[in-house]
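Here is a short briefing for a first look. Please view the sequence and the 3D structure below before reading on.

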Amino acid sequence: MSETSGLSRRNFIKTSGAVLGGTMLAHPILSFAANRRGNEKMKVALVGTGVRGVGMYGQRLLQDYGNYVDMVGICDQNPGRVKYAHDYIKPNGPAFTDLDEMLTKTRPEWLIVTTWDWEHHSCIIKGLQHGCNIMCEKPLTIDEHKAQMLLDARKKYGKEIIVTFNYRWAPPRAKLKELIMGGAIGDLTTVDFHWNISRSHQMRYMQRWHGEKDRGGSLWVHKSTHHFDLVNWWVDSDPEEVYAFAGLEQFGSNGPFRGKNCRNCDHTRECPYYWDITQNDHLNGLYAKNENFDGYIRDNCVFRHQIDSYDKHAAVVKYANNVLLNYSLTCDTNHSGFWIAFNGTKGRIEGREGGWPGLKQGEPQQWILQPIDGENEVIDVHRIEGGHWGGDPLMKNKFFVDPDQDDPLAQAAGLRDGVMSILPGIAARKSSETGQKIRIADLTSLQPMAKRPVSG
Ligand SMILES: NC(=O)c1ccc[n+]([C@@H]2O[C@H](COP(=O)([O-])OP(=O)(O)OC[C@H]3O[C@@H](n4cnc5c(N)ncnc54)[C@H](O)[C@@H]3O)[C@@H](O)[C@H]2O)c1
């Protein structure tokens with residue numbers, strides 16, 4: 001289904017708002033709507049035309065939100081990939097291989113950043129220098145030094161920075177926020193949150209830069225940024241201290257053999273991770289056919305020695321409001337999803353999300369509310385269509401259709417949220433490598449607060 005097709009702007013907003021319900025909470029970020037002139041389209045440019053850029057923020061953005069958005073330019077440092085992307089997205093403006101040149105020539109109001117994680121900060125800062133507001137994919141960046149550079153740059157240039165935390169917008173997660181905010185279980189005391197990554201998803205990580213710590217910050221940052229952001233948002237407090245363990249047991253040098261890349265490997269018969277990129281026309285056209293320009297190999301060996309990201313992770317996080325989080329990220333499992341429990345002074349909410357055995361397609365997501373004094377209640381949350389459990393279209397409605405749309409659950413995330421979502425993972429990485437407990441306050445100039453300020 002097209003994300004906005006057949007719906008007027010007004011009805012569309014009503015529809016998406018109805019999914020959430022709940023009480024009102026003002027959220028001052030995204031005040032940029034005030035900068036828009038009447039019904040003029042938003043002038044956006046895109047940097048980073050990998051699979052995320054060309055899909056979510058490229059072709060699908062223009063297909064579904066073309067009445068609201070003009071894409072005045074696209075940029076990727078790989079000339080072959082940006083050419084493919086230009087044919088695929090069909091933006092309103094030209095393709096560039098140099099970000100400075102694109103920003104100078106096209107003067108967008110918003111720069112959408114979907115580059116490699118370790119390049120986000122340089123693209124964001126360049127965008128701010130050119131007077132753009134920024135919409136950046138997660139993770140905001142990969143270490144505390146780059147995070148500090150972003151905090152400083154934002155102070156200097158003063159524009160908006162949004163981090164596109166689509167996970168917050170999925171209706172089942174929003175329902176949890178609504179229940180907790182509404183006091184359904186009193187004051188929170190502890191959270192148990194355990195996430196599993198399936199084999200096919202993990203394989204895609206390890207085949208690419210995500211497997212190398214200096215590029216994705218390890219999965220503690222690349223993946224867990226989503227999870228820590230959710231907990232920060234649900235708990236409505238900042239992480240304060242982190243203690244963690246991690247291990248790498250399946251991938252990298254642990255493997256029994258290795259090859260140059262999947263498609264021409266000698267071990268395709270015995271390797272459980274064998275994947276032939278040439279069978280997928282889109283990925284072949286975007287990546288394999290353009291390797292000659294920059295050497296970016298999309299189907300690297302998951303057993304290459306360079307891999308140093310972990311494949312199992314466990315952390316305890318103390319929040320500034322004294323909530324304790326028990327968190328784990330377990331990779332290469334036969335399950336994709338999570339199990340979660342919130343304990344509070346008046347009860348407990350528990351549930352699991354993902355493709356569990358027995359769960360039929362189209363069935364509602366269920367949370368179990370267990371009041372200390374009362375009957376258990378099963379809360380059904382109906383799923384909606386769209387990427388990332390329906391989160392992608394709802395988030396895009398807010399950002400591209402009507403940024404002034406009420407945000408009762410504070411789902412829009414700004415720079416502070418982006419930084420606070422990566423610091424627990426950075427701290428966990430440091431803790432698991434040093435055996436020390438790490439204080440969030442020691443990482444950047446941001447100081448944890450018992451109640452999070454509304455993001456900016
Ligand atoms: N929110 C989500 O659920 C979600 C899902 C997928 C990806 N992502 C994020 O989106 C981003 C992109 O992911 P992807 O899978 O498309 O990555 P990718 O590696 O496939 O593509 C990144 C592209 O950025 C280009 N690039 C890197 N640095 C650049 C620079 N300085 N200037 C110009 N071009 C540059 C590369 O050439 C490449 O084409 C990542 O940060 C990833 O974490 C988020």
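This is a predicted model: local features need pLDDT of at least 70, side-chain atom pairs count only at pLDDT 80 or more; totals for chains, interfaces and linings use all residues.

Residues are numbered from 1 along each chain as its sequence is written.

**Overall fold**
- The protein chain has 15 helices and 16 strands (DSSP runs numbered from the N terminus: helices are H or I, at least four residues; strands are E, at least two).
- Of its 456 residues, 48% are buried (20 or more other C-beta atoms, placed from the backbone, within 10 Å of the residue's own).
- Take contacts between residues at least 6 apart in sequence: 74% join residues at least 24 apart. Contact means C-beta atoms, placed from the backbone, within 7 Å.

**Ligand shell**
- Around the ligand are 25 residues, and Gly-48, Gly-50, Arg-52, Thr-115 and Glu-137 come nearest. A residue is near if its C-beta atom, placed from the backbone, lies within 6 Å.
- Two or more shell residues come from each of α2 (51–65) and α5 (120–129).
- α2 gives the most, with three residues.

**Helices α4 and α5**
- The axes of α4 (residues 99–106) and α5 come within 10 Å and cross at roughly 25°. Axes are lines fitted to C-alpha atoms over the stretch in contact, and angles run from 0 to 180 degrees between N-to-C directions.
- The two helices are therefore roughly parallel (angles under 35 degrees).
- Leu-99, Asp-100 and Leu-103 in α4 meet Cys-123, Lys-126 and Gly-127 in α5.

Conventions:
A residue is buried if 20 or more other C-beta atoms lie within 10 Å of its own, exposed if 12 or fewer, and partly exposed in between; C-beta atoms are placed from the backbone. Two residues are in contact if their C-beta atoms, placed from the backbone, lie within 7 Å. Angles under 35 degrees count as roughly parallel, over 145 as roughly antiparallel, 65 to 115 as roughly perpendicular and the rest as oblique.
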